[in-house]
Amino acid sequence: MTDRKARRTGGRAGHSRERDSAAIRQMPWRIPLNTDRPTEPLPAEGVAAIHAAAMRVLEEIGIDFLNEEAKSILAAAGCRIEPGSDTVHMDRGFVMEQVALAPRQFDITPRNPARKVTLGGGHMAFVNVSSPPNCMDLDRGRRVGDIESFRDLIKLTQYFNCIHVAGGYPVEPVDIHASVRHLDCLYEKLTLTDKVVHAYSLGPERVEDAIEMARIASGLGREDFESAPRLYTNINSSSPLKHDWPMLDGAMRFARRGQPVVVTPFTLAGAMAPVTMAGAVVQSIAESLAAIALLQVIRPGLPCMMGTFTSNVDMRSGAPAFGTPEYMRATQMTGQMARFYGLPLRASNACASNAPDGQAMWESLNSLWSAVQSGVNLVYHAAGWLEGGLIASYEKFVMDCEVLQQIERYFEPAITDTSPEALAFDAIAEVGPQGHFFGCEHTQSRYTTAFYAPFLSDWRNYEAWSEAGANWTEARANRIWKAILAEFEPPAIDPGIREELADFVARRKREGGAPTDY
């Protein structure tokens, strides 16, 4: 992978020079810092009202914990559980005391320390699309996920500097049996990328295998590995008002090893949550805080993130809708609540479109812009999501990365620089009312880096664009992902570590991997 300093090129000659070098010009690796003031649609009394309602849910209605160990821990901590019941009632004082233990900001350091990710404060990291069962590209159409497509999308995850985290499986490789799928997937993630990785909380064996494989890849002993965050998991509540056994089991295992946990309720207003967005946010906050409180009891000070996935359904069909006005406001409202509780926040780049088209991009832009406005620290599904999360799209991955780069450029302080050189009084005086700025020294010394230079957008006029083939955006994205995969080179990894990882995978396969019922 080659990082190239951004430079402005013009016309067909410039585009030709770009194509003759690397697959694309991209911005350097960095974690963007969002310095904008967040959008806060709720007045102070609105924040207080949502907090009070969430506390009432925890105290009076309760949250079901379908895990005996979790219930025992919470009962010992003073929570109320009726005999024979799964419903846990938490006093607000207890919840606030536990949540206050979670850090406002933390780092996760993968096998390559140069790819460290900071979460919290103004930091904003982007994650690849995660967990679709299907994938799609313009050549092969929509198809069930397989390991070849999994590898392709992991390579795109590594290649793009604007993708900071290799999250869940970018597509589910259903051609590998579920008992050993996690072993092959983690091996590919840990060897084809050197970025922060995620592990699913889907049963003890998968969690223990993932943590051990991440440890092997790090080259660290167990004590050193567990002394700081190295990987993370994300759990979802089973809305409404329920945390299930495997998610809790995995989250607790991560907590005991000091590894971060993101708690993300999946609250669709009108279906799994109240039809009003305030009500849906109340439920989401209650579900998230309940699990975070449990994890803080287990390991005080554990890095935790509040996740938001509050949107609405199409009331005509019941299908989930994303990137809607309601989704944007719910994200902003949850951002206010996350700051109220002092927790980092996760959101998503989600859309409902079935193709990499205009609808996909306007819904994704709504999702991404609401993340910027809300001070989101970790953006899931930042590149490649289609069909409400049922498709990982190669072309959409590239299209999203163009937008992510533009967001990174938007944050750069150079744009809002008000130094004497940036105010350009002398240049204005030099040009005066009769000239132009193309040839003046102020422009000539800056033009190569003055503006964002896209790798996907086509800024030529209609005649030039038509003469070059009149390629629409998705067709250009199709060419780009093919060029990226053709030039892809895996990141360096010590041969001994690679061999140890392969031996671990082989041994765990011989042992049967994770138990399944088929």
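In this predicted model, the side chain of Ser-311 reaches the backbone oxygen of Ala-321 at a distance of 2.4 Å. Ser-311 belongs to strand S16, which spans residues 311-313. Its relative accessible area is 0%, and because buried means under 20%, Ser-311 counts as buried. Apart from neighbours within four places in sequence, the residues in contact with Ser-311 are Thr-267, Leu-268, Ala-269, Met-277, Ala-321, Phe-322, Thr-324 and Tyr-327.

The cysteines come next. A search of the whole structure finds zero disulfides. For Cys-401, the nearest cysteine sulfur is that of Cys-162, 3.7 Å away; a disulfide requires the two sulfur atoms to lie within 2.5 Å, so Cys-401 is in no disulfide. Cys-401 is buried, at 0% relative accessibility. Cys-440 also counts as buried, with a relative accessibility of 5%.

The last topic is helix packing. Helix H2 (residues 44-61) packs against helix H4 (residues 92-99) with the axes 9 Å apart and at an angle of about 110°. Angles of 65 to 115 degrees count as roughly perpendicular, and H2 and H4 are therefore described in that way. On the H2 side, the contact is made by His-51, Ala-52, Met-55, Arg-56, Leu-58 and Glu-59, while H4 supplies Arg-92, Val-95 and Met-96. Sorted by class, the residues of this contact are five nonpolar, one polar and three charged.

Key
Residues numbered from 1 in each chain as written. Predicted model: local features only at pLDDT ≥ 70, side-chain atom pairs only at ≥ 80, totals over all residues. Heavy atoms only, no water. Helix = DSSP H or I, 4+ residues; strand = E, 2+ residues; numbered from the N terminus. Buried < 20%, exposed > 50% of the residue type's maximum accessible area, 1.4 Å probe, protein only. Polar contact = N/O pair within 3.5 Å; in protein donor to acceptor, adjacent residues only side chain to side chain. Contact = heavy atoms within 4.5 Å. Axes fitted to C-alpha atoms, helices over the stretch in contact; angles between N-to-C directions. Parallel < 35°, antiparallel > 145°, perpendicular 65-115°, else oblique. Nonpolar A, V, L, I, M, F, W, Y, C, P; charged D, E, K, R; others polar.
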